[in-house]
Each structure stands twice: as structure tokens, then as C-alpha cells.
Amino acid sequence: MGLRRVVVTGLGTINPLGKTVEEYFSNLDKGVSGARLITSFDTTLFKTRFACTVEDFDPSRYGIERKELRRIDRFAQFAMAAAATALADSGLDLQKIDLDRAGVILGSGIGGIESLTEGIMDYCAGGCIPRFSPFLITKMISDMAPGLISIKYGFAGPNYTTTSACASSSHAMGDALNLIRLGKADIILTGGAEAPVSVPSIGGFDASKALSTNNDEYATASRPFDRTRDGFVMGEGSAVLVFEELEHALARGARIYAEVAGAGMSADAYHITAPLPDGSGAVKVMRLALEDAGLRPEDVDYINVHGTSTPLGDVAELKAVKSLFGEYAYKLNISSTKSMHGHLLGAAGAVEALACIHAIRDSIVPPTINFRYEDPDIDYNLNLTLNKAQKRTVKVALNNTFGFGGHNSCLVFKAF
């Protein structure tokens, strides 16, 4: 029996550029920056005092009762909100589907780190008396996001979290694709969620010299491919997509945004934070994804690159694109939407998958904003979609995500 085909029938997101998918897409096209000064804790003594944050988030708008909030970390609240939006968008009638064949697979790099931090701080403030919230563990563990969603909607199929740093949600979507292909499920809510704007995250990433410290120009600090880039800008939020088996979707007359054509996974096997300098790990994962999709490099129109605005990562990834695509690389559109919504860590791949679907649906490539100065190590003959969105028919889009530890993932979306 051949592999079944998988399509996307619902979209939902909560991220620094929008609380709805259409608001997010609109701000992508406009080149809006989601970077803001951090107000959730005192950053006076921190090297980095800004991030891309979700403002005025009201969980009650998404069916999360106020009495539940003290039991659910912010990252899981984001996931539940995005899932509710994606399900509504899909038009699924939960009374008419087999809930045993409906699952939830989400990625999160660090889960409820804010809840863990609060628990430890309360412990220390209380004279180290071991009095902890009975909800600490369930707020902290990253698998609680898909768990809560499955409980709410009765989805009794595959249910778990993938954790592979910044590649987490892309691995979740790759798993969802393959489980539906193999007949293990008909519908899977997939994507990722992260709420990392906290004392240990900002402090820890600062200590590892990964974050931008450009506090004076925070709104433009995420500047992939620019000579003055000095690290990534942290983001928060969630994106959830409804992956559905094609015949199941057609039988109920579902709207289809795109087909999930393939996925690739690889490891650099090189360094805990730095990419292979020649980009060979990224080459491998893009090649695997295209082979899985039965496509050639020349079939690709757009690549949403990992593009974190770090000195080493941006150069290595563009080397990989040129290595795999050869002369055709100069006919592609390439962009990093992290320049706008920041780096959502474990949720990055999911938010950027939405950007790929936007490019396919609306024939527009979102820009890489904040570019000013050329870097001699970067080839600007490549179309990096600098500063302004570009109209283009996009039939095939690649979504690259790479995580600390050398984790590489690439997804292929194509027009249906």
C-alpha cells in the first residue's frame, strides 16, 4: 500500500505579530517588527532587555476559564489558544470524526520554564522550606500542551511532545506527517508553543552570547544577513496546524491550504551550538526533504530559512543553499521571517510553516527586514527578499529549522 497524502486544513497562531492568522500574515507583508522592551521582569542588569513578545493576551477568549489559569503555564495557554483557532478554522465537526484517529503532536524546546523559575524563587524566598505548588510539575513539563488539548477535545490518537531545541515543532510536524501517511491517524493537530521570555532564558542565552544585545536599536536588532547582526531576538507564542489525510479532508469538503509533501531530518554531529561551517548538515536535510517529497531542487520557489541573525549561522545556511541548488539558487526567493517575529525557539518551525503557506496561498514572499549593511561573507546576488515583500507565484516552499545540539529539520509544502 502506498503512502497516504497529507494536507493542511486549519491554521491558528498567537505570536508577536498577531493573535489571528490573517493579522500575522498582514504584518509579515508590511514588514512589522514584533520586538519590544521586556516588562515582565526587571532587566536593568541584563545584557539583553528586549524580546518579541505577545501583548494583551487574554486566554479567556479561547475557552480557557480563569480558574484554570493558575494550573497552566503561559506556553500551554498559547498552544491551547492556537489549537482552538486552528480547529475552528478547519471546520471539523468533532461529532462526526473518529476521535481515536485524531491526535496532537506539538514541539516545545523548554516548556514551562517560567513556572519552574517561580517555584524555585518562592522556595528560596520562603527560607528554603519545601512548599511547592501542586501544579508545578504539570505546568512545567512540555508534554502538557498536547495533553491539555487532547483532554479538551477528546483526541485519543497519538499524543506527545517533541523536544529538539529550535527544531522541536518541525520534528513534531514531520512526525505528524509520517503517522498520517502510514495510516496511524487521520487528523493531527501539530506545531509548537514556547514562552521563554524569562529570567533564566534571557540570562542563559546572554551568557552563551547567542542573543542580540543591541538595546539601543531593539526594534531592528533581528537583522539576518546584515553585517552588524549580533545574535537572535527571542520570541514567544504558538502556531498549530491541522494536518489531515487527503481523502478524509475531501470527503468532508474541507478547505485545503497546502499539501505537506515531505520532511527531512538530520544531525550535524559537530558542536552543541555552532553549525557545520560548510553547511553540509543543512544540505543533507534539505536534500532528504526533497527526496521524500519526490521533488527536484528546481521545483522550489521559496525557502523560509532558519536565518537567526547570528554571525555563523546565516553564512553557513546560505552556503548550504548554494551547494544544493547550484545556479538555481539565484532564481529562488529566500527570507528569514525571524527578522519580524523573533526566534520562537521550539515553536519557530510552526510559525514559519504558516509563513510558507501564506506564500503559497497568497503568492507573496514575506521579507527579511532590518537590512542595511552588506557582509563580505554573504552573496547578495541571492534574492534574500530584503526589506520588502515580493509578489511571486509559489508552488513549493521549504521550511528550514536547526536546533542547538545539531538537530536539523526541513519540511516541504506545496500548492494543492
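I105 stands opposite T190 in strand 6. That is where I'd like to start. A word on the model before going on. It is a predicted one: local features need pLDDT of at least 70, side-chain atom pairs count only at pLDDT 80 or more, and totals for chains, interfaces and linings use all residues. Residues are numbered from 1 along each chain as its sequence is written, and side-chain values use heavy atoms, with hydrogens and water left out.

Back to that pair. Strand 4, residues 102-107, runs parallel to strand 6, residues 187-194, over six bridges. Strands here are DSSP runs of E, at least two residues; helices are runs of H or I, at least four; both are numbered from the N terminus. Two strands pair if DSSP finds at least two bridges between them.

Axes are lines fitted to C-alpha atoms, for helices over the stretch in contact, and angles run from 0 to 180 degrees between N-to-C directions.

Buried or exposed? T162 counts as buried, at 10% relative accessibility. The cut-offs: buried is under 20% relative accessible area, exposed over 50%, partly exposed in between, with a 1.4 Å probe and protein chains only. A polar atom of the T162 side chain lies 2.6 Å from the backbone oxygen of S168. Contact means heavy atoms within 4.5 Å.

Last, two helices. The axes of helix 2 (74-90) and helix 5 (144-153) come within 9 Å and cross at roughly 45°. That makes the two oblique; under 35 degrees counts as roughly parallel, over 145 as roughly antiparallel, 65 to 115 as roughly perpendicular, and the rest as oblique. Residues making the contact include F75 and M80 of helix 2, and L148 and Y153 of helix 5.

Technical notes:
Polar contact = N/O pair within 3.5 Å; in protein donor to acceptor, adjacent residues only side chain to side chain.
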